Amino acid sequence: MTALLQTIDLNKRFGGLRVTNNVNFELDEGEVHCLIGPNGAGKSTLFRLFLGEHSPSSGRILYAGEDITHLKPFQRIRKGISVKFQVPGIFAALSVRQNLTIALQHHLEGASLDEEIARLLEFLRLTASADMQAASLSHGQKQWLEIGMAISLKPRLLLLDEPTAGMSPDETYETGEMVRALNADGVTVLAVEHDMAFVRQIAQRVTVLHFGQIFAQGTVAEITANDAVAEIYFGHVDHDD
Amino acid sequence: MEILSALFAFLYQAGDAFAFLVLAACGLAIIFGMMGVINLAHGEFIMCGAYVTVFAVRAGLPLPLGIACGTLAAGLVGILLELLVVRHLYNRPLDTIVATWGISLIATQGVLILLGSTMRGVGTPLSSFTFGDYSYSQYRLVLMAAAVVVLVLLYLIFNKTRFGVHARATIQVPHMAEALGVNTRLIYCLTFGLGSALAGLTGGLYAPTMTMVPSMGATFIMEAFVTVVVGGADVFLGTAPAAAVLGVIKAAMTSWQGQLAGQISMLIAVIIVIRVLPNGISGWLLRERG
Amino acid sequence: QSPVKIGVLEDQSGEFAAATLPKVHGIELATEEINKAGGIAGRKIELVVYDTQSDNTRYQEMMRRVLQRDKVDVVFAGFSSASREAYRPIVNQFNGLAFYNNQYEGGVCDANMIVTGAVPEQQFSTLIPWMMEKYGKKVYTIAADYNFGQISAEWVRQIVKENGGEMVGEEFIPLGVSQFSQTIQNIQRVKPDILMTLLVGTAQASYYEQAAAANLKVPMGSSVNVGQGYEHKRFTPPSLANMHVTTNYIEEVDTPESKAFISKWRAKYPNEPYINQEAENSYHAIYLYKQMVERAGSTDREKIRGVIAKGDVCVDAPEGKVCIDPKSQHASHTIYLAQVGADHSITFPKVWNDIKPYWLGDAGCDLTKSDPSAQYTPSNPPPKG
Amino acid sequence: MLAKANKLLNGPQTIGRGPAFWTGFVIVVLAAAAYPSFTDGWTVGNTVYFFNWIFMALGLSLIWGYGGALSFGQTAFFGLAGYAYGILTLNYGSDYGFTILAVVIAVAISAVFAAVLGYFLFFGRISGVFLGIVTLSVTLVFERFMAQTAGPEWRIGDARLNGFNGMTGMPPLTIPWFGGDIVLFPDVQLYYVILALLVVVYLGLRILVNSRFGNVLVAIRENPERAEMLGYDVRKYQLIAFIIGSSLAGLSGVLYTSWGQYITPSSMGLTAAALPVVWVAVGGRSDLTATLVGTFAVLSVFQTLTIYGSQYALVVMGALLVVVVLFAPQGLIPGIAGLSRRLRGAR
Amino acid sequence: MTDARTSGSLLAMSGLRSGYGGKPVLQGVELTVEQGTIAAVIGRNGVGKSTLMKTLIGLLPAMDGAVTFEGRDISGLKPHQRAHLGIGYVPQGREVFPRMTVEENLKVGEMIHGAKKPADYDRVYDFFPILRERRKQRAGTMSGGQQQQLAIGRVLVGSPSLILLDEPSEGIQPSIVQEIARIVVELNRSMGITIVFVEQNLEMIRAMARHCYVMDKGRIVTEVAPEQLNDRETVRRYLAV
Ligand SMILES: Nc1ncnc2c1ncn2[C@@H]1O[C@H](COP(=O)(O)OP(=O)(O)OP(=O)(O)O)[C@@H](O)[C@H]1O
Ligand SMILES: Nc1ncnc2c1ncn2[C@@H]1O[C@H](COP(=O)(O)OP(=O)(O)OP(=O)(O)O)[C@@H](O)[C@H]1O
Ligand SMILES: NC(N)=O
Ligand SMILES: [Mg+2]
Ligand SMILES: [Mg+2]
């Protein structure tokens, strides 16, 4: 299997703070991979480096074998990367429908666009709010909307930063099922999450980031059994299932 | 002596330009830089301060007290306007352009109608001094000192006092400041009042050196905006270096090629500085600090 | 009988209001007097007054309106030269007639225009030789950086040279600039004997206060101060001390005609801050127009120009006798040299009678023969022949 | 095809949709077409004068209202194109309809300049107030520079730039015609030409803002980061909007210059630069119809006040602006629309 | 545990209606919160939980009904006046002051109780050591979880007598979630601070809450015992989508 996304000696500093520290990370095509780690470990920063929102202090980023380190964010998106941010990024003054239109109009128009929007709205449980301003959605609804926009791009690689924050357990589960369905259709997924139930549900592989470095890597079972990870991250969980 | 005289002359000119930029900008730095209100009536607050100062001095007060009156009057007018108009516009700052432009029209023409097209000034206090080949106005040194004092005071107020912290919190996330117990309406009112008062102070300080006409504020407004914007979001970190950079450029070009070059070079400097530092000088300073 | 309609476009608000408000009053005063005395050939004068707000685009809108809609017989319009140039194409387009009652940089050769303001050959060819004789030959000019300032400066340059003097410096100041420390220093550097200040507008007037504060004491000459902006009244003495201005009128002119004029004026406008040169121009211009219409027997532009061509349209104005030159349609004037004292009192060391606006005619402008509708300068004179 | 055009005309980015709106639209256009026969020459010429400015306002609505980039320097393009028209026609005259060609060239010049400046701005990631101040600085540099070109040395061919006093003497627009060009003085003929141009530009912009392009533009206004993360080159879209809007400012400048045969540096000054912002904001910046109607309303109210308001004109203007901003937060036109909707709803 | 003198209702809502733009979201909330208790509010996305919190602190005006605090009707009070009475509010989505330092953010919290209580920074810094470490960092550059800690720390500075927490666990690493739960319970025990919180993380609810109210369609529909949340069926019944 080839790596879809690969970083080589990636570094990012803010002033004196090393937020990404020599990261050599590989994401395989077709996998669902979760990135976990303490608050401030540098997960969101890594995402921003992948997307070109931050430029690295040093190191390279390869996508499908191509060096994308110096590409602009939109150019990376056009290569098939798509993202849902930690803080919902939506078009606040526009209607939910328009939000989706803007994401979908890349590859659809006319009647098929309208159909796809209707389908998505149903799927996101936002049909009733279709013509509301996105600003007036509840927090969780905004998360859904943003996920909807991210998958509308029909990405090859989907980056999800805390997709289920603020969702109820059931919704979290639904989201997990959605991720698995996307994955079954061939989408590679990299998700940051603190909700371990979700991680267990979707992750084929887990990477733990700590102080900007890769701290551990393995299957969910391996990671949850790792005492060092428990020390820095999980705390003392009484495993109830 | 030759060189010393020339050097002093240049420093004096740069200082003079610096003082003008700082004093023109300080009130705006608060109202625009802090509150995001694009106050096109800034010049009219300056005019208000100048007029009240002149009236007070003519009524027999010494100039410093007159300036204090001008400052106070502009501050009160600012508070009044905040209550009546500006208060309703915080969540749509761009509309403040229109509203304050309207206020500016009313103020300029209103003063013209009420007080006539022009008014007798009070004359520049203090005398002149000679250094090397040139003689200078002492009062201009007072203006330079005033600029520095204002900068220091503002820095202290906004970074070291509770009011300053509350003001900045209010401007950044108003509803959270309110929910944490900050009386945001009061803060807005006082901040706007402070900005207006500073504009009034500028008017009072410059009143003795200028023609007293209702439109006198217009000569400050361009310089004020340019300084504040080149300074960037953090007013106190930004305004001083911006005024210094622009002041030196303006003084150098004016002495070399005349007033037109001074004016145009300052505008071009603005374009270049913003191109190089798209978030203004303070944006750059803050990023560097990390 | 239908009234004679006079359009009045003046800046009653904005940057120029201070100098311009008295112009409107002058027109109103003359109109009232004439109407009381039976009007122009028995027709009453009706004024159509608009405030042009010191805004050139308003001149265009309002000039079109008075000519096309209000159908006035004549328009009295404009303070700044820029405003005159803004409305001139429109006057030409409608073949109207306009009076420009302002001192200016000179050179407008346009059959649709009658100019009662003083021009450089009237103001500078008197002032500069007098000052050079008295104070010395080194001259420095600071001037507003636009047509008025630049062309006036050109005149100063030429007259200084003709009289054997030397230009030691020239600086142009953009309109609206109010800070002059550097300019003051530049002047000190070359130590001129005479400083010509051709500053315009209220912002630039701040120069005097700032120069006085820096103890700059060069004798000054000007064509605009005192007469137009009455700075000696507005500023605290002695900031305007030692200023010399040639003007065709100011309210300190101490003749019986002037005194009578002032008492009439003050009776009607007791709060007038000052009766300036432009106010008197505007006042006597109405009388000039009255005479033209009465002699032409019509308000028709061509008939009026026929009267002007006779070369004897004159009135006895408060300043003295004023006549219209047929070639240029500009006015001759009595020129008073006003000197400002340390206490800002005015004295008149010299008065020249009947100074003609000769330059345009000598240079080749002859409106009795052709109408180029253009503005000329010493370095860009009318084509000969 | 027709259905598609219809969809674009009625898309989500414009208020005023459906048969009622378009019936109203047709009535307004017809009324505007009939209007000259019911009024005098001055009013017609003056109405054209108002129309001239609306193009600049519509352009700013596109850049600012839709694209979220507040340009405070649209007058730079206005002036540039005006001077370009003057220089071209003073040098090459107006025969064979050259004035029309001059209009096209002048607008093209402002478009090219907008492309260069816009590249500098948007590809330099300048946004928000910084954009406003840079554009304002540009127009002020133009103004200060042109104001000092009074001397005879400042000429391009036969055209004297003529400093602060402004350039005059350029011919009005002409249309080549058999047996002599038709000269479009500010009167009925010019009125119909400009009215037609206005309708075309309005409908064209409506289609543009409801197209894919328009969707992206408003997305950028709302959240540029997210728009970029949906794969759009934000800078390119902003640049294109800027070029189109600035060309419209250029069009206004050319029309203004040919209308009054006059162009002046003060049309690029601070006050002039603030005016389009005021018109657009008062009308309702994020809608084309609101901008159009609002600009027209503000211009005519202000002029009427100048005519009848004597010295109180500016005071009343100021008060009106404050009142509109306070009581119609979305702008005058959406405010009125909202009010009437509520009144109808109440009944 | 609770002191008899202070027991009784601290906060009560009756017939509370509020919403946005004239459209009510809360449809008549009836709820009484005893002094010294910890109450959780759960419910699906968009049912009005955050709306309830905003109405309690006064950011949304009540359209109808009343809120009483310490026996006094506070419906007419402005948010800052409610804060001065001792109510602390931690919003969903953190809402830190982005261009102020961590320390300055905390300083604003002093105004709870009208700054009449001495501010205890050390306690906050002990709870959240990262805040001490990053005292001078601008809050906007902190990671999501760090900001959440700051948002909680910010109200603790003012020693409120009632804390409203809207999804405090959102975006926080598991060990710190446990830590927060522990801190909250300790604050409640040692200082009698009353807590009302909205939460999706069932573990956290179980660890903290003494009462758990279920919200649906703008009403409190029932109360469940926190222990019942172990039961998948109960959860599904109330929280299923
Ligand atoms: N612009 C910046 N300046 C200084 N420090 C920064 C900046 N941006 C991020 N940091 C710091 O970098 C670290 C990593 O932040 P990041 O947002 O990547 O964390 P994270 O792993 O996503 O955490 P969380 O789980 O809390 O979201 C944090 O300590 C943060 O404070
Ligand atoms: N600012 C707003 N303007 C208009 N409607 C709003 C606004 N905020 C929320 N709403 C609406 O109010 C309802 C309740 O929103 P609220 O934020 O209270 O939900 P919630 O229960 O907190 O959901 P979540 O779990 O997603 O945070 C939602 O249907 C939402 O669409
Ligand atoms: N005519 C003048 N003074 O501009
Ligand atoms: Mg993160
Ligand atoms: Mg919520």
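How many residues does the contact take from chain B and from chain C? In this predicted model, the contact takes 38 residues from chain B and 39 residues from chain C.

**The interface of chain B and chain C**

- Chain B and chain C together bury about 2,900 Å², and 49% of this area lies on carbon and sulfur atoms.
- On the chain B side, the residues that lose the most area to chain C are B:Tyr134, B:Thr211 and B:Gln259, which together account for 21% of what that side buries.
- Between chain B and chain C the rule finds 0 salt bridges, whereas it does find 8 residue pairs in polar contact, with both residues of a pair at pLDDT 80 or more.
- The side of chain B that touches chain C receives two or more residues from each of α1 (2-34), α4 (95-115), β2 (134-137), α10 (235-257) and α11 (259-276) of chain B, and α1(B) provides the largest share, with 5 residues.

**The interface of chain E and chain A**

- Here 28 residues of chain E are in contact with 29 residues of chain A, and the two chains bury about 2,200 Å² between them, of which 48% is on carbon and sulfur atoms.
- The count of salt bridges between chain E and chain A is 0, while 12 residue pairs are found in polar contact across this interface, again with both residues at pLDDT 80 or more.
- Four helices of chain E, namely α6 (144-156), α7 (174-191), α8 (202-208) and α9 (232-239), each supply at least two residues of the side that touches chain A.
- That side of chain E is made up of 7 nonpolar, 14 polar and 7 charged residues.

**Salt bridges**

- Over all chains, the count comes to 46 salt bridges.
- One of them brings together the side chains of C:Arg69 and D:Asp40, at 3.1 Å from N to O; because C:Arg69 lies in helix α2 (residues 56-69) of chain C and D:Asp40 in the loop between α2 (18-34) and α3 (41-66) of chain D, the pair joins two chains.
- Both partners of this pair count as partly exposed, C:Arg69 at 34% relative accessibility and D:Asp40 at 28%.
- Within chain C, C:Lys290 and C:Glu294 form a salt bridge whose closest N and O atoms are 3.5 Å apart, and because the two are 4 residues apart in helix α11 (residues 277-296), about one helical turn separates them.
- C:Lys290 is partly exposed at 21% relative accessibility, as is C:Glu294, whose relative accessible area is 33%.
- In chain E, E:Arg182 is paired with E:Glu179 in a salt bridge with 2.7 Å between the closest N and O atoms; these residues stand 3 apart in helix α7 of chain E, so they too are separated by about one helical turn.
- E:Arg182 is partly exposed with a relative accessible area of 42%, and E:Glu179 is partly exposed with one of 26%.
- Salt bridges can also share partners, as they do where C:Arg84, C:Glu85, C:Arg88, C:Glu105 and C:Asp110 are joined into one network.

- D:Asp287, in the loop between α11 (270-283) and α12 (288-308) of chain D, is buried yet has no salt bridge, and the nearest side chain of opposite charge, that of D:Arg206, is 5.9 Å away, whereas a salt bridge needs the atoms to be within 4 Å.
- A polar atom of the D:Asp287 side chain does, however, lie 2.7 Å from the backbone nitrogen of D:Ile15.
- Not counting residues up to four places away in sequence, D:Asp287 touches D:Gln13, D:Thr14, D:Ile15, D:Ser61 and D:Tyr66.
- A:Asp161, found in strand β8 (residues 157-161) of chain A, is likewise buried with no salt bridge, and A:Arg48, the nearest side chain of opposite charge, is 6.4 Å away.
- The side chain of A:Asp161 makes a polar contact of 2.8 Å with the side chain of A:Ser44.
- Leaving aside neighbours within four places in sequence, the residues in contact with A:Asp161 include A:Phe47, A:Lys84, A:Phe85 and A:Val192.

How values were computed
Residues are numbered from 1 along each chain as its sequence is written. Chains are lettered from A and ligands numbered from 1 in the order in which they are written. This is a predicted model: local features need pLDDT of at least 70, side-chain atom pairs count only at pLDDT 80 or more; totals for chains, interfaces and linings use all residues. Side-chain values use heavy atoms; hydrogens and water are left out. Buried means under 20% relative accessible area, exposed over 50%, partly exposed in between (1.4 Å probe, protein chains only). Lys and Arg count as positive and Asp and Glu as negative; His and the chain ends are not counted. A polar contact is a pair of N or O atoms within 3.5 Å; within protein, one must be able to donate a hydrogen and the other to accept it, and residues adjacent in sequence count only if both atoms are side-chain atoms. Contact means heavy atoms within 4.5 Å. Buried area is the accessible area (1.4 Å probe) that two parts lose on being put together, summed over both. Ala, Val, Leu, Ile, Met, Phe, Trp, Tyr, Cys and Pro count as nonpolar, Asp, Glu, Lys and Arg as charged, and the others, Gly among them, as polar.
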